[in-house]
Each structure stands twice: as C-alpha cells, then as structure tokens.
Amino acid sequence: MISRLRQQLRQFPDMLLQSNVWRSVFRQGYPDNDENRSLVVMNSVFLHFHPVKVKTNTLRPAYTLGLGIISLFLFLILIFTGGVLTFLYLPTTEQAYIFIQELHTSVPFGALLRNAHRWAAHLMVLSVFLHMMRVFYTGGYKHPREFNWVIGVILLVITFLLSFTGYLLPWDQLSFWAITVGTNIAGYTPFMGAEVRALLLGSTTVGGEALLRFYVLHLVLLPALLIILLGVHFWRIRKDGGLSAPLHAEEVEK
Ligand code: HEM
C-alpha cells in the first residue's frame, strides 16, 4: 500500500506535466535542459522582459553601475508624481503660482509631492548624463550599437527639454526669468532665430501663451516621445545581442 503511494507520488510531477490544464498555462516541459530553460523565459509574459542568455560581465554591478535602470526608475517616479500634480495644476498666469503656494500650505503631502517631482527630475538629468558617460567609457556606442547611441542622444535631449519646459510651470520669478533667458538664447538660432522664439512663446514675451505651450510640451508631447523612444532603446539592446562586453570577455564566454 505504502509502496504504491510512493510510486504514485513519484509519478505525480510527470502526470502534472502531461495534464492539459498544466500545458495550457506552461507550454514547455520541466526546465531540465537548455531548450526548456529558454522556453520558460520566452513563453512567460513576465519573464520575457529578461533575455534568455546574458553575458557574465554585464551582471557585474560595476559594469553598468545600474545607471540606465536608475534613469528608468526616476522617469517612472516622475510619471507618477507628475500624474498626481496634474489633478491640481491649472496652466494660467492667474492660477499657476497660487497652485504652488497652496500645494505647500493646504494640500496634504503637497510639498512632498512637489519636491519628489523636482528631485527626481534633477536626478534624472544627472543619471542619464552619467549613463551616457558609462556607455562611452565601456565603448558601448561601437558597432552594432551605433543606432542605439543615436536614440540615446535624442533621449538625452528630450530629458533636457522636459526639465526646461517644467521649469516655467510654477510661474514664479525664477521660472519667468529662466525661460526669458532660455528663449532669448533660442532666438540666436542661425537663420530662423526669431521664428524659433515665436514658436516657443506664441508671442513676443513670456506670458500665458508660453505657459500653455510649455504645459502641453511638458505633459503630453515630450513624455509620449520619450516613452516611444525608450521602447525602441530597450528593444535595440536585445536586438544588438544584449549589452556590450570587452573583447576578452567574449573569448572567456566561449
Ligand atoms: C531616458 C534616458 C535613458 C534611459 C532610461 C536608458 C536606459 C538604458 C538601460 C536600462 C540600458 C541597459 C544598461 C544599463 O542599465 O546601463 C541602456 C543601455 C544603453 N544605452 Fe541607454 N538610456 C537612456 C539614455 C541614453 C543615452 C543618453 C545614451 C547615449 C547617448 C544611451 C545609450 C545607450 C547604449 C548605447 C546602451 C547599450 C550599452 C551597452 O551595450 O553597453 N542611453 N540604456
């Protein structure tokens, strides 16, 4: 009796693997060989974010310093805190500054929310820049990753633009004069300076039109562009064969 029970228990994993219910969820067999181990990753919506194989050198924290992931997490914090701020903010010259005051005085956790958004923005500029330095230092921009480097440069520019457009939104003295100086610099663009400045401001001076333009750029256009290009950035990392590795590391892997 006991020996029959033992035998049935031993057969249980096999029976489970054979069952239709199990197979409808997990399409591959037990991951005890390379093929099944790869299929486990490829067939799962959660695991497929990870590559099936990674180079050992890229697992060392000192190789990437995690700067790309840190940039991504800061961006997620910005989306969350910015999303909550959107429920309260009005992009008009009469309301914008009052909103900032109220955020500090009468909105529960308002100051925390605002400062989390500001600090994450400053840190993201820093981490994206350091990430670019790391990629340059480890030669990650070389063949076949040139295209991803170009996508990265655009991501850096968008990060700067997000920071710049967000600066005007509090509508205080600092914002007003920073954007006056910034758009005056844009006015020195060769051949079409006046047009670029007028396009940014929607007028000849920094006013309500500029506030609305910067608001739309900051909340809709630039984040949408950043999200799309981040998708391309991550997809390209996978298609370029994972992260870069020093030449000798490829030999060691073999
Ligand atoms: C919003 C900004 C960015 C985010 C969230 C981001 C995210 C990432 C992540 C998560 C990785 C994987 C490796 C790592 O963690 O370091 C990576 C790799 C890479 N990134 Fe970025 N990145 C951004 C901006 C940039 C910029 C500004 C450049 C260069 C101008 C760049 C070029 C690259 C390249 C070439 C790789 C592959 C590196 C290698 O194979 O060693 N990225 N990025």
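Mentor: Before we look around, a term: a residue is buried under 20% relative accessible area, exposed over 50%, and partly exposed in between, using a 1.4 Å probe and protein chains only. Also, this is a predicted model, where local features need pLDDT of at least 70, side-chain atom pairs count only at pLDDT 80 or more, and totals for chains, interfaces and linings use all residues. Residues are numbered from 1 along each chain as its sequence is written, and side-chain values use heavy atoms, with hydrogens and water left out.

Trainee: Okay, is H233 buried or exposed?

Mentor: H233 is buried, because its relative accessibility is 12%. H131 counts as buried too, at 19%.

Trainee: And which protein donors does the iron atom of the ligand have?

Mentor: Those two histidines: NE2 of H131 and NE2 of H233 lie 2.1 Å from the iron. Donors are N, O and S atoms within 2.8 Å of the metal (3.2 Å for Na, K and Ca); water is not among the atoms, so sites may look incomplete.

Trainee: Where in the chain do H131 and H233 sit?

Mentor: H131 is in helix α8 (residues 110–137) and H233 in helix α12 (residues 208–239), so the pair, 102 residues apart, links distant parts of the chain. Helices are DSSP runs of H or I, at least four residues, numbered from the N terminus.

Trainee: Switching topic, how many aromatic pairs are there?

Mentor: There are 8 aromatic pairs, counting rings of Phe, Tyr and Trp (its six-membered ring) with centres within 6.5 Å; planes under 30 degrees apart are stacked, over 60 edge-to-face, the rest tilted. One of them is W22 with F26, which is tilted because the planes are at 40°, with centres 4.8 Å apart.

Notes: Helix = DSSP H or I, 4+ residues; strand = E, 2+ residues; numbered from the N terminus.
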